[in-house]
Amino acid sequence: MTTPGVDDAVRERRPVTERRLHPVTPLRRAWAPVAVLIGWAVHDPDQAQRQLTRLTTTTLLIALAVLVPAAALYGFLTWWFTHFAVTDTELRIRTGLVFRRTAHIRLERIQAIDVTQPLLARVAGVSKLKLDVIGTDKKDELAFLGAEEARALRAELLARAAGFAPETAHEVGEAPAHQLLRVPPAVLAVSLVLTGATWATLAAAVVVPAILWLVTESPWTVLATAVPLFGAAGASSVGRFVTEYDWTVGESPDGLRIDHGLLDRAHETVPPGRVQTVRIVEPLLWRRRGWVRVELDVAGSSNSVLLPVAPREVAESVIARVLPGVTVPTRASLVRPPRRAGRCVPLWWRGYGLAVTDAVFAARIGLFRRSLALVPHAKVQSVRLTQGPWQRVWGVSDVHVDTGANKTVTARLRDAGEAAELLRGQAERSRTGRKVARPDRWMA
């Protein structure tokens, strides 16, 4: 009979097979030298233009004859010197042509693995694997792998992270998913048309350049202003439609799976137990249709949208899968601040509300664009009370709840006595909630 320490030592001595990325990867990395030249040209366009005017046809052909093979060689060498391997305890990624870097990613610290396919990658049949790891802000990635290899590796890593033995991790495969919701493209398009931010950015893109032209009569000033504004308008409308197209949410043992994208397809996972805050956003023009948008704060993850648009009843049923045992407070249960809060924030104070249940701390803000934030008591890291001079005059305070995702939810303009009691009570609710919280484990 062997001890756990001996078992670990035996596993560590097992041979580790290193693997390379897909052979198409050098084509992607060959663009790095070209990107450096483009960056220099954008940084100093006058100097770049002077250098280009001095080039003869012969010199240009020679430069291309040197640059293209050099870029190809760079792409090949970076691919050749990049390896990855899965051991019993970690994922190792070795990269670097001149300066070597080895990333040791502990399997038990992996909390989300996303598979993405940019447009050209879909054509080439390859995928990018992105890993969310606890304690790191930047995602490590493997780009690119064959589409089937990426899914198989993702399933193996999730099985290892869930605690399956290395010998059986290959046999577990990808956990099956049950589809909960699919957002029709027509509904997504109408929701974007009814979003005030879309029209606000478009109006700014038309009005601001026109005013600048009347004032300055400088085409360069107008162009420098119009291009970013039209870009923002496009990102808030067409960009969101392309990104959130065919949004599908499915449930599996390793969390909620999200697939979306028209050109670039993304396969993301909302890890169980890592959701810190859920926000239900309700724009003004969506209310007659009963639509809401659901956003997330996930510790150590970039996943921020759960549902781009959905009926409120459907959204609440999906939220119940993310936060088991949590019921979304009704509008009637959200208590407004006292009327004297209007002395601090006229009119807008009517959009504030608060409800504290046995499961969550719920705070609402916004009069036209309502946003209801739900924080499970177990996810509260700290509670703070603040009171400015004018608030002190009218006897109101703000209560701030900090979560593990480095975000804050605030209950605005509460009665000072209520805020003090809320401060004391929330600390006890957080301690109790952590004792009964579900484990932050895959497939738990």
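Reader: How many cavities of 30 Å³ or more does the count come to?

Author: The count comes to one cavity of 30 Å³ or more. Keep in mind that this is a predicted model. The largest cavity has a volume of about 90 Å³.

Reader: What makes that space a cavity rather than a pocket?

Author: In a cavity a 1.4 Å probe fits but cannot get out, whereas a pocket is an open set. The space of about 90 Å³ is counted as a cavity, so the probe fits there but cannot get out.

Reader: Which elements supply at least two residues each to the lining of the largest cavity?

Author: They are β11 (275-282) and β16 (370-376). Strand β16 gives the most, with three residues. Among the lining residues are R370, S371 and L372, along with I280 and E282.

Reader: How do the lining residues divide into nonpolar, polar and charged?

Author: There are four nonpolar, two polar and five charged residues. For example, R312 is one of the lining residues, and Arg counts as charged.

Reader: Why is S252 called buried?

Author: Good one to check by hand! Buried means under 20% relative accessible area. S252 has 9% relative accessibility, so S252 counts as buried. This serine is found in strand β8 (residues 248-252).

Reader: What makes the link between the side chains of S252 and R257 a polar contact?

Author: The cut-off for a pair of N or O atoms is within 3.5 Å. The side chains of S252 and R257 are joined at 3.2 Å, so the distance meets that cut-off.

Reader: How do you know that the buried residues of α9 are on the same side of the helix?

Author: In α9 (residues 185-193), the buried residues are L188, S191 and L192. They cover an arc of only 100° around the axis, which puts them on the same side of α9. These buried residues pack against α10 (196-216), α11 (219-244), β12 (291-298) and β13 (305-311).

Reader: Where is the peptide bond that is cis, with omega near 10°?

Author: That bond runs from A143 to F144. F144 lies in strand β6 (residues 140-146). For background, most peptide bonds are trans.

How values were computed: Residues are numbered from 1 along each chain as its sequence is written. This is a predicted model: local features need pLDDT of at least 70, side-chain atom pairs count only at pLDDT 80 or more; totals for chains, interfaces and linings use all residues. Side-chain values use heavy atoms; hydrogens and water are left out. On a 1 Å grid over the protein atoms alone, a cavity is a set of points where a 1.4 Å probe fits but cannot get out, and a pocket is an open set with protein on both sides within 12 Å along at least five of seven lines; lining residues have an atom within 4 Å of a point. Grid points are joined across faces, edges and corners, and a volume is the space filled by probe spheres set on the points. Helices (H or I, at least four residues) and strands (E, at least two) are DSSP runs, numbered from the N terminus. Buried means under 20% relative accessible area, exposed over 50%, partly exposed in between (1.4 Å probe, protein chains only). The arc is that of the directions from the helix axis to the C-beta atoms. Contact means heavy atoms within 4.5 Å. A polar contact is a pair of N or O atoms within 3.5 Å; within protein, one must be able to donate a hydrogen and the other to accept it, and residues adjacent in sequence count only if both atoms are side-chain atoms.
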